[in-house]
Amino acid sequence: MNLSEHFTLEEMTYTDHREFDNTPNEAETENLKRAAALMEQVRAALGAKPIHINSAFRSKQVNDAVGSKDTSQHRIGCAVDFRHFELTPDQVVRALIASDIDRKSTRLNSSHLGISYAVFCLKKK
């Protein structure tokens with residue numbers, strides 16, 4: 001199922017912990033659609049090149065398995081960890097700060113500079 005032009009439900013719910021069900025409910029799926037729309041803006045800001053989704057939605061079991069907190073935005077489909085194949089994390093951060101992506105509805109976490117990904121969280125409405 002496509003959530004947007006370039007992002008699917010399958011990639012936004014992929015997990016290495018396949019022993020656990022990682023199927024979002026209706027509200028979580030709607031959040032993932034909003035996250036995918038935001039990721040389309042991110043993709044455009046990064047030169048419209050493919051990016052890899054490391055993690056988006058996490059069920060309770062998957063979230064526990066990766067050692068994350070219950071308050072993680074991944075639990076409700078409002079966070080996306082990704083990496084760009086051609087840009088460093090620093091280049092990603094700089095490009096996104098310079099972009100016109102609405103900062104009132106996003107938060108960029110660039111604390112994982114050793115790993116090539118950034119995190120966008122959608123604020124709860």
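Here are questions and answers on how the terms apply to this predicted model.

Me: What are the ground rules for the numbers?

Reply: Residues are numbered from 1 along each chain as its sequence is written. In this predicted model, local features need pLDDT of at least 70 and side-chain atom pairs count only at pLDDT 80 or more, totals for chains, interfaces and linings use all residues, and side-chain values use heavy atoms, without hydrogens and water.

Me: How do you know how confident the predictor is in the chain?

Reply: From pLDDT, the predictor's confidence in each residue, from 0 to 100. The mean for the chain is 85, and 83% of the residues reach 70 or more. Among the elements, helix 1 (residues 9-13) has the highest mean, 97. Strand 4 (residues 118-121) has the lowest, 56. Over residues 113-118 the pLDDT is below 50, yet this stretch has 19 contacts in the model beyond near neighbours in sequence. A contact means heavy atoms within 4.5 Å. Where pLDDT is low, the predicted coordinates should not be read in detail.

Me: What makes up the order of elements in the chain?

Reply: Helices (H or I, at least four residues) and strands (E, at least two) are DSSP runs, numbered from the N terminus. The chain has 4 helices and 4 strands. Their order is α-α-β-α-β-α-β-β.

Me: Why is His-84 called buried?

Reply: Buried means under 20% relative accessible area, exposed over 50%, and partly exposed in between (1.4 Å probe, protein chains only). The relative accessible area of His-84 is 5%, so His-84 is buried. His-84 lies in strand 2 (residues 79-84).

Me: What makes the surroundings of the His-84 side chain polar contacts?

Reply: A polar contact is a pair of N or O atoms within 3.5 Å; within protein, one must be able to donate a hydrogen and the other to accept it, and residues adjacent in sequence count only if both atoms are side-chain atoms. The backbone oxygen of Leu-46 lies 3.4 Å from a polar atom of the His-84 side chain. The backbone nitrogen of Leu-87 lies 3.1 Å from a polar atom of that side chain.

Me: Why does Ala-48 count as partly exposed?

Reply: Its relative accessibility is 42%, so Ala-48 falls in the partly exposed class. Ala-48 sits in the loop between helix 2 (26-45) and strand 1 (51-55). Its phi is near 60°, a positive value in a residue other than glycine.

Me: Why is the link between Lys-49 and Glu-86 called a salt bridge?

Reply: A salt bridge is a side-chain nitrogen of Lys or Arg within 4 Å of a carboxyl oxygen of Asp or Glu. Lys-49 and Glu-86 meet at 3.4 Å, N to O. Lys-49 lies in the loop between helix 2 and strand 1, and Glu-86 in the loop between strand 2 and helix 4, so the pair ties together parts 37 residues apart in sequence. Glu-86 counts as exposed, at 54%. Lys-49 is partly exposed, at 36%.

Me: How do you know that Asp-81 and Arg-58 form a salt bridge?

Reply: Their closest N and O atoms are 3.8 Å apart. Asp-81 lies in strand 2 and Arg-58 in the loop between strand 1 and helix 3 (60-65), so the pair ties together parts 23 residues apart in sequence. Both residues are buried.
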